[in-house]
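Good morning, and thank you for making the time. I would like to walk slowly through one structure today, going from the whole chain down to single residues.

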Amino acid sequence: MDRPQPHAAPLDEDSPLFAIATASELSGLHAQTLRQYDRLGLVVPQRTAGKSRRYSMRDVVQLREIARLGGEGVSLEGIRRVLELENQVTSLQKRVRELERALADELVNRPGARVFAAGEGGVVPLKHGTRPTRQTSVVVWRPLR
């Protein structure tokens, strides 16, 4: 008989999963290099209650990016700036998705808030509670021969 499992927090790319030895192996960098990058603030892993470093998958990806950029001759300060900008872009993209969801929810939850009417050559938006202006023009249609 299946017993209900305790509810665990969902894992994502920011979940602190890897000890320094595992992160070192996954990134291809020496553990001492990871400690140095932590001191410099390039990749700052989360800490356990016992102060051990725990790296997320995002941290490992950043460590690989640091190794790649360093191999191309980019200075540590240049790498720090690149990572800072990439993190800022990721954060802004996440915020945009949140705002898009909130806007979509708001539009769905306010039926009748958006009203449209057929106008000359297309559909025109109307303010809630207003009526479209009535067109009294006559259009004569003649078929092509």
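Among the contacts in the protein chain with a separation of 6 or more, 45% are accounted for by residues 24 or more positions apart. Please keep in mind throughout that what you see is a predicted model.

As for the overall layout, the protein chain holds four helices and four strands, and from the N terminus on these elements run α-α-β-β-α-α-β-β. Of the chain's 145 residues, 19% count as buried, while the accessible surface comes to about 11900 Å², with 55% of that belonging to carbon and sulfur atoms.

Let me turn to α1, where Ile 20, Ala 23, Ser 24 and Ser 27 are buried. These four residues lie on the same side of α1, because they cover an arc of only 105 degrees around the axis. On the other side of α1 we find Ala 21 and Glu 25, which are exposed. The buried residues of α1 pack against α2, β2 and α3, and the helix is followed by Gly 28, whose phi is positive, near 80 degrees.

Now to α2, which spans residues 31–40, and here I would ask: which of its residues are buried? They are Ala 31, Leu 34, Tyr 37 and Asp 38. Since they cover an arc of only 115 degrees around the axis, they too are placed on the same side of their helix, α2. As for their partners, the buried residues of α2 pack against α1, against the strands β1 (46–47) and β2 (53–54), and against α3 (57–71) and α4 (76–109). After α2 comes Gly 41, which has a positive phi, near 85 degrees.

If we leave aside its neighbours within four places in sequence, Leu 63 is in contact with Ser 27, Leu 29, Leu 34, Tyr 37, Val 43 and Tyr 55.

Technical notes:
Residues are numbered from 1 along each chain as its sequence is written. This is a predicted model: local features need pLDDT of at least 70, side-chain atom pairs count only at pLDDT 80 or more; totals for chains, interfaces and linings use all residues. Side-chain values use heavy atoms; hydrogens and water are left out. Buried means under 20% relative accessible area, exposed over 50%, partly exposed in between (1.4 Å probe, protein chains only). Helices (H or I, at least four residues) and strands (E, at least two) are DSSP runs, numbered from the N terminus. The arc is that of the directions from the helix axis to the C-beta atoms. Contact means heavy atoms within 4.5 Å. Accessible areas come from the Shrake-Rupley method with a 1.4 Å probe; for residues, only the protein chains shown count as cover.
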